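Subject: Structure and notes

Hello,

Here is the structure, as promised. My notes on it follow below.

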Amino acid sequence: MKNIFLAIIALTVIFSSCKKFLVINPELAVAQNTFYKSQSDFTQAVTGIYAPLQPIYNLDWRLTELRSDNAYFFFNVANRGSKPIEDLATFSIETNNATVLDSWRNSYLIIARANTVLSLIDAATFDQAAKDVLKGEAMFLRALAYYDLVRKFGDVPLFVNPATSYEETFKSRIAATAVYEQILSDVTFATTHLPAKTAQPIVGRATSGAAYALLADINVTLKKWSDAEAAARKILTMGYSLLPVYADIFKPSNKANNELIFQVNYVEATTQPLFSDFTYSFIPQLVNPAILTGVGPAARNGNGSFNVPTPEMLASYEDKTKDTRYSSSIGFYTGASPLVGIVYNQTPYVKKYLYPHAIPFQTNENWPIYRYAEILLVLAESLNEQGKLAEALLYVNMVRSRAGLDATVAADKQKLQEIILHERRIELAFENKRWYDLVRSGLAVSTINEFGQKIKANPGNYYYATGNFPPPNTFNITVNSLLLPIPVTEIITNPQLKQNAGY
């Protein structure tokens, strides 16, 4: 016993006297103070800020387009594993919804990585102009992430510096107005420090055009019409244009085209999971999706038959023969179905992103966040709100003309606003814009309640098999429904977070 006691004393003395050399740097990770030194280091770090955009936009349609009247889903009575996705469409969301949690966490991952870069880059010793570009990218991405968060969740915690302790990660939600102030500050810096489109050779990296597009979008949401006009006009001078053929915008072989201002870049057939797969959710669920994709071997797309175009969406095209956006965006399939009680009979699906690829469930399809056609409609809307109807119509009709439609006219501001919202619905169909348009225009509660009543009255028209229908607790939309729930796991971890009303 005495020997054991002496050994313990000896070990205690050794460890207490060797504190300095017992601090061992990790061998499988790089510490900030040893990595962030050169321009190459910071370029790699900024590239890492972009990475969470890929998982966000592979699934973001669930939180946006699927919650609008543009899209619905096929009810699969034999497999209820997809219920959490369906809950988003039927407005019966639970606070532990995995897609909601993924969106929250990946947005804050972007913010955390941006904060790290911004906190260290000024101390590095390389060219200031190169620093400003990298800072512009970090601020653009932080602004984009916060804009995504504030529109989905309202008031959110605001971090602009890296947390240096566990306790610093616990913050309360602050008013959305304060978050918008930070967003506008970040994106304004980005507009003047990011490179122009012609100077940015990498698809998916931010440019000054992307920053101005985000700025215009934010100001439309905030109803700052003159500011939105000014930002949109900047983009008119930057070399962007409408492609003659609508379908060409989305071709993976044409990613660097002049209409795309900012997009999430995906790559297929790599050793890392950098591919997109949302296309397989949008086509009908099939035992052999190769019938539509052309890519084998057969493997059932179990999360297919989502984001299905609704009867309302199909009816919103004013001339299906002339409007090239109709055949480019929507396809129809007739054939056997693996879903109980369902036969596909001219069943619509989102065709917009369906292009050849090499490996099943791994596509090279990018997600468009901002493109030139949307900026023309943003400019039209901001002009119309300022009473400049004649000029606003010019930009609306540029978009319509490319689609093959005749010019439209409007007698007054209200009528033109309806036309612009309708054009946005068609032009930007299945690009995650419709839900936000309904919210900012004050139409979301009435539109989705009416939409829900139609589904409950005629479930067969909305892809339910005979005898199936939405439960009674669905589509009871109030103003509280306009925000998503704060993920319950985040509240458990950080008790300072308070849940949104209604959840």
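Helix H15 runs over residues 372–385 of this predicted model.

Buried here means under 20% relative accessible area. After H15 comes Gly 387, which has a positive phi, near 85°.

H15 also takes part in a pocket. Together with helix H17 (413–427) and helix H18 (434–440), H15 is one of the elements that each supply at least two residues to the lining of the second largest pocket. H17 gives the largest share of that lining, six residues. The space in this pocket is about 360 Å³. Its lining has 17 residues, and those nearest its centre are Gln 417, Glu 418, Leu 421, Ser 441 and Leu 443. Sorted by class, the lining of the second largest pocket holds eight charged, five polar and four nonpolar residues.

The largest pocket holds about 440 Å³ of space. It is lined by 19 residues, with Tyr 108, Ala 112, Phe 159, Thr 169 and Glu 490 the closest to its centre. Two helices, H6 (98–120) and H20 (488–493), are the elements that give two or more residues to this lining. The largest share is from H6, with seven residues. Which classes of residue make up the lining of the largest pocket? Twelve of the residues are nonpolar, five are polar and two are charged.

The largest nonpolar core has 149 residues, and the ones with the most contacts inside it are Tyr 72, Phe 140, Tyr 146 and Phe 262. Helix H7 (residues 128–153) contributes the largest share of this core, 14 residues.

What does Phe 140 contact, leaving aside its neighbours within four places in sequence? Its partners are Ala 190, Leu 194, Ala 206, Ala 210, Ala 211, Leu 214 and Phe 262. Phe 262, one of these partners, is also among the core residues with the most contacts.

Regards

Key:
Residues numbered from 1 in each chain as written. Predicted model: local features only at pLDDT ≥ 70, side-chain atom pairs only at ≥ 80, totals over all residues. Heavy atoms only, no water. Helix = DSSP H or I, 4+ residues; strand = E, 2+ residues; numbered from the N terminus. Expected span 1.5 Å × (residues − 1). 1 Å grid on protein atoms, 1.4 Å probe; cavity = no way out; pocket = protein on both sides within 12 Å on 5 of 7 lines; lining within 4 Å. Points joined across faces, edges and corners; volume = space filled by probe spheres on them. Nonpolar A, V, L, I, M, F, W, Y, C, P; charged D, E, K, R; others polar. Core = buried A, V, L, I, M, F, W, Y, C linked by side-chain atoms within 4.5 Å. Buried < 20%, exposed > 50% of the residue type's maximum accessible area, 1.4 Å probe, protein only. Contact = heavy atoms within 4.5 Å.
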